[in-house]
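Please work through the exercises below with the sequence and the model at hand. Each task is followed by a worked solution.

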Amino acid sequence: MRAVLGGGPRLLLRRLREVMAEPVSAQARLDKIVVLIASNMVAEVCSVYVLRADATLELFATEGLNREAVHQTTMRSGEGLVGLIAQRAEPLALSEAQAHPAFSYKPETGEEIYHSFLGVPILRGGNTLGVLVVQNRARRTYSEEEVEALQVTSMLLAEMIASGELQSIVRAGADIALHRPIALSGSAISDGIGLGHVVLHEPRVIVKRIVAEDVNSELRRLEAAIEEMRANLNQLIDEGDVTGAGEHRDVLEAVRMVANDRGWMRRLREAIATGLTAEAAVESVQNDARARLQRQTDPYIRDRLHDLDDLANRLLHRLTGQSFVVDRASMPDNAILVARTMGPAVLLEYERARLRGLVLEEGGPTSHVAIVARALGVPAVGEVPNITDLVETGDAIIVDGTSGDVRVRPQTDVESAYAEKARLRARRQEQYQKLRDLPAVTKDGIEIKLHMNAGLLVDLPHVEETGAASIGLFRTELQFMLAAQFPRMREQFDLYRRVLEAVPDRPVTFRTLDIGSDKVLPYMTKLEEENPALGWRAIRIGLDRPALLRLQLRALLRAAAGRDLRIMFPMVATCAEFDAAKQIAAREITYLKKHGYATPNALELGVMIEVPSLLFELDAICTKADFLSVGSNDLTQYLFAADRDNKRVADRFDVLSAPALRALATIAGAGHAAGKPVTLCGEMGGKPLEALALVAIGYRSLSMSPASIGPVKATLIAADLAETEAFLTSLIGAHDGAHSLREHLREHAERSGIPV
Ligand code: PEP
Ligand code: MG
């Protein structure tokens, strides 16, 4: 078959390389290229179409069609055969083009006399930049080798387009697609707006050497690089030292599996045989995989293609010697990090001061990296499909972590709108800052204590910045979730001591390990449970594995030696569970005393109210616990039987409705009647309108994320509590059975001049 390729692809590549190096204009170069390709492939026609920013394909050069059509003929992506190729990012070979349903006739080109048609997308990093076409007068079938040869050739064109050289010849007023603004959206995972420039967490390798000097030496380079990479993967997996690079064993295992895939190796060797360098061969095979990835919706196949992409990246870095990690020192100071996925510890390695935002292809609101992004106050959007393929390092980009919108290479008006939004936010923050030292006292003189939720060392400076009354919830599991292995007693002790030292004058309420369900530890065998949210988690694990709980309690008790300590237990469903946990704590104190360790001056043990069964045992639990803390995230999830992380059911219920508010009021009432302090520490406490409702039904203490303290305080100090309480009580009565009371309450707040 190769005989038909006048001279074969290798010769073609060599000639093309010479043309690429000639000091001629972009148009002259393209004109020469199409002539070369046509003659090499024994085709009467060869044309290059380039995708413009307005999603139109423009004919840039042709051999065989009417020259007058160059820069005149255009088609939309999806229109005609060329448009179809661009849209699908797949080659198309036809012996009778005009019989294809997508064929669209462009009279100015004079192409009606050509019957066979072969077109391939011009791809770069999974993006379609254009389409390369050859046509023959005779009805003929293009061989697989010919399709591949044309694909390989298209890589050179991709480089040419990417270099920006063609921008000078595009039809006046248009822009080539490389610079196209793109609007994307994903899940809002960390509040705030960031404007800046793309920094790819895994910098993409730029393949500069495309054409091989010597095929055999390229094959040897490829084999050597693969061997080295395999050895390296084996070593990483065997030594178990996978976390240093922020990688998990299963990811590496998957990559190793692909590295041993014969089909993949064969495709690489074939690509080299056509005259590509080893790195260009990897890129060509990767382009193909990426294009397939963009169209693929099956999660299993997507995962496999991702593994393949991972592997190709590793190989490219090895072959070109280009760095695999961002050069942190040369990062711009308005960096927006873009990554497919990222471990939480890896995010912490970046210099916070230079980070303006984070965009991930994976990573939902409950992912570990999202938790860290929120703690760092970095605006972030997750679950943005293909973002790493759609951007280049240095591209302007905007991240709206509140709405989940991402704008790549935004137009000036979009950019100024967001800049204005960011300025407004900053101004509002300044106003909240002014409230920092004021107590949250309502207009009628009732003080509400506002505390802060925390879980990482990076959270601690926020206590001062926000003027929080205390740390009302310290989620100890975050240390466990970020660690590579179970934190030892010493590591737990160190963290707790540092927390207590950082807030010497305010209480800290530590919550014991709340793992299981969505909070997974990478080093713990994942249990296959039908309903993990209802399964083995939190205190249930603590009571079944008392050694674990004891170790943590010991670390806490020792860290708080000589001062007061508050501990609470999560997911308690019965009084008996609380009793059992309390007993374990008592045993630990006895143990420490017996062995001569200093213990806290006072120990208060609280219970989280987040399982509805406790609502029917409130009197009893109030006699046993020193304080109550309402975990409204879980409590509402169980009350309404609606997964807290499932967007599909999120609108099915509203916490601002009679049943939820009644349940919450019952808890506050029981606590007050028994003289036990009650705090609410779920997300709703940090939302101004919800906080207003909570205060109206009897809450005097709320714990929330640091960023919420300012807005909630601004709401509460503008409210007349007695009036709001009267309004809400009558509202519940008047609209009993309503899905939500939200709008009525909002209108009331607006009428009363309460900002919500
Ligand atoms: C809650 O459930 O409301 C809570 C505060 O705990 P978490 O969100 O950590 O489950
Ligand atoms: Mg909870």
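Predicted model: local features only at pLDDT ≥ 70, side-chain atom pairs only at ≥ 80, totals over all residues.

Residues are numbered from 1 along each chain as its sequence is written, and side-chain values use heavy atoms, without hydrogens and water.

**Exercise 1.** Determine how helix α2 and helix α4 pack.

Step 1. Helix α2 covers residues 26–40 and helix α4 residues 144–162. Their axes lie 12 Å apart at an angle of about 180°.

Step 2. Angles over 145 degrees count as roughly antiparallel, and α2 and α4 are therefore roughly antiparallel to each other.

Step 3. From α2, Ala26, Arg29, Leu30, Ile33 and Ile37 meet Leu150, Thr153, Leu157 and Met160 of α4 (contact: heavy atoms within 4.5 Å). The residues of this contact comprise seven nonpolar, one polar and one charged.

**Exercise 2.** Describe the interface of domain 1 and domain 2.

Step 1. The domain assignment gives domain 1 as 8–179 and domain 2 as 182–202 + 329–426. Their centres, taken over C-alpha atoms, are 35 Å apart.

Step 2. Seven residues of domain 1 are in contact with four residues of domain 2. About 390 Å² is buried between domain 1 and domain 2, with 27% from carbon and sulfur atoms (accessible area, 1.4 Å probe, lost on being put together and summed over both parts).

Step 3. Across this interface the rule finds one salt bridge (a side-chain nitrogen of Lys or Arg within 4 Å of a carboxyl oxygen of Asp or Glu). The side chains of Arg124 and Glu392 form a salt bridge at 3.0 Å, N to O.

How values were computed
Chains lettered and ligands numbered in written order. Axes fitted to C-alpha atoms, helices over the stretch in contact; angles between N-to-C directions. Helix = DSSP H or I, 4+ residues; strand = E, 2+ residues; numbered from the N terminus. Parallel < 35°, antiparallel > 145°, perpendicular 65-115°, else oblique. Nonpolar A, V, L, I, M, F, W, Y, C, P; charged D, E, K, R; others polar. Domains from an automatic or database assignment. Buried area = accessible area lost by both parts, 1.4 Å probe.
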